[in-house]
Amino acid sequence: MNRAFSRKKDKTWMHTPEALSKHYIPYNAKFLGSTEVEQPKGTEVVRDAVRKLKFARHIKKSEGQKIPKVELQISIYGVKILEPKTKEVQHNCQLHRISFCADDKTDKRIFTFICKDSESNKHLCYVFDSEKCAEEITLTIGQAFDLAYRKFLESGGKDVETRKQIAGLQKRIQDLETENMELKNKVQDLENQLRITQVSTSPVSSVTPKSPSTDIFDMIPFSPVSTQSSIPIPTRNGTQPPPIPSRSTEIKRDLFGAEPFDPFNCGGGDFPPDIQSKLDEMQEGFKMGLTLEGTVFCLDPLDSKC
């Protein structure tokens, strides 16, 4: 049963929307660990994962190792798993990547959720012992998912196509600027080669310095090439003068006021992440939805000893 939306209609959510939108809801729990699963949803999928992690924890407990305590911070921005004392974030699970959440209906302690890893794109199942708060935590995650989905639709979700068009225009402008710059450089190179050819083919004796022409204000007109390089230089002993350096280029900006992207010359925080791919990913995750279930994980005597 998908309780994420039926609970919403019954108005039995655990918290106010403001609490999850502007702040976060903290919970203390014990973290049994995470393990990879084959599917993003399914009671049998999480049941096998819980069995596996419970057995591993039972072995570690028999060796004297304690189950680590964590703090869960749930908001519309995701589920964070922190070390309780240092507040160091161990895992940050974004809501649109969480596809399944379930709590144990027999002992009210164990709950689990499946989240798609942002780096490996593998589905991981996280299992917790929540000290009789399992159902409340699953409902809180469901409410946060519902609020985050609404917020996404009200903001970026409606502008996905518009952002795609803007990204395409920005790419086209960047390509045109690059093409224009290449053409300018080619023209400059041809001018330099023509000037050198004219100087090298003219007799030395016939070369007479010419005074630069002036404008109506009796001033030398501005030339992008320096005055010294604009006067032909005679060759000596058949050698050609050094090539004239190309003109410096100014930093161009597109119609959005941004500098063209250079993957080989940019700082770590100079450019925002790929907004469009992020929107597409969130749209796909929210479209899949979040399934909340209450199921039974205590299937053997070993579970009650963990």
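These legends describe close-up views of one predicted model.

Local features are given where pLDDT is at least 70, side-chain atom pairs count only at pLDDT 80 or more, and totals for chains, interfaces and linings use all residues. Residues are numbered from 1 along each chain as its sequence is written, and side-chain values use heavy atoms, leaving out hydrogens and water.

**View 1**
A pair of aromatic rings is described by the distance of the centres and the angle of the planes. Here, rings of Phe, Tyr and Trp (its six-membered ring) pair if their centres lie within 6.5 Å; planes under 30 degrees apart count as stacked, over 60 as edge-to-face and the rest as tilted. The structure has eight aromatic pairs. In one of them, F31 and F128 are stacked, with 5.0 Å from centre to centre and 25° between the planes. This pair links distant parts of the chain: F31 sits in strand β1 (residues 25-37), F128 in strand β7 (residues 123-129), and 97 residues separate them. Strands (E, at least two residues) and helices (H or I, at least four) are DSSP runs, numbered from the N terminus. Is F31 buried or exposed? F31 is buried, because its relative accessibility is 8%. F128 is buried too, at 0%. Buried means under 20% relative accessible area, exposed over 50%, and partly exposed in between (1.4 Å probe, protein chains only).

**View 1. F113 stacks on Y126.** 
These two rings form a stacked pair, 5.2 Å centre to centre with 25° between the planes. F113 belongs to strand β6 (residues 110-116) and Y126 to strand β7, 13 residues apart. F113 is buried, with a relative accessible area of 0%. Y126 is buried as well, with 4%. Which residues do ring pairs link into a cluster? They are F31, F111, F113, Y126 and F128.

Strand β5 covers residues 98-104. Seven of its seven residues are buried, so β5 is largely enclosed by the rest of the structure. Two strands pair if DSSP finds at least two bridges between them. With β6, β5 pairs in the antiparallel sense over five bridges. A102 has T112 in β6 as its bridge partner. The two strands form a hairpin with five residues between them, and K108 in the turn has a positive phi of about 60°. Which way does β5 run against strand β8 (residues 291-295), parallel or antiparallel? The two run parallel, joined by five bridges. There, D103 has G294 in β8 as its bridge partner.

**View 2. Helix α3 from end to end.** 
Helix α3 spans residues 43-62. Its 20 residues reach 28 Å from the first C-alpha to the last, close to the 28 Å expected at 1.5 Å a residue. The expected span is 1.5 Å times one less than the number of residues. Buried residues of α3 include V46, A49, V50 and L53. Just after the helix, G64 takes a positive phi of about 95°.

**View 3. Two nonpolar cores.** 
A nonpolar core is a set of buried Ala, Val, Leu, Ile, Met, Phe, Trp, Tyr and Cys residues joined through side-chain atoms within 4.5 Å. The largest one has 35 residues, and V79, F113, Y126, F128 and I141 have the most contacts inside it. Helix α4 (residues 134-154) gives the largest share, eight residues. Another core lies apart from it, with 15 residues, among them A49, L53, I67 and V127. Contact means heavy atoms within 4.5 Å. Leaving out residues up to four places away in sequence, F128 touches F31, V70, I81 and F113, among others.

A salt bridge is a side-chain nitrogen of Lys or Arg within 4 Å of a carboxyl oxygen of Asp or Glu. The whole structure holds eight. E71 and K87 meet at 2.3 Å, N to O. E71 lies in strand β2 (residues 69-75), and K87 in the loop between β3 (78-82) and β4 (89-93), 16 residues apart. E71 is buried at 8% relative accessibility, whereas K87 is partly exposed at 41%. K105 forms a salt bridge with D103, the closest N and O atoms being 2.8 Å apart. K105 also meets E135, at 3.6 Å, N to O. K105 is in the loop between β5 and β6 and E135 is in helix α4, so this pair ties together parts that are 30 residues apart in sequence. Shared partners join D103, K105 and E135 into one network.
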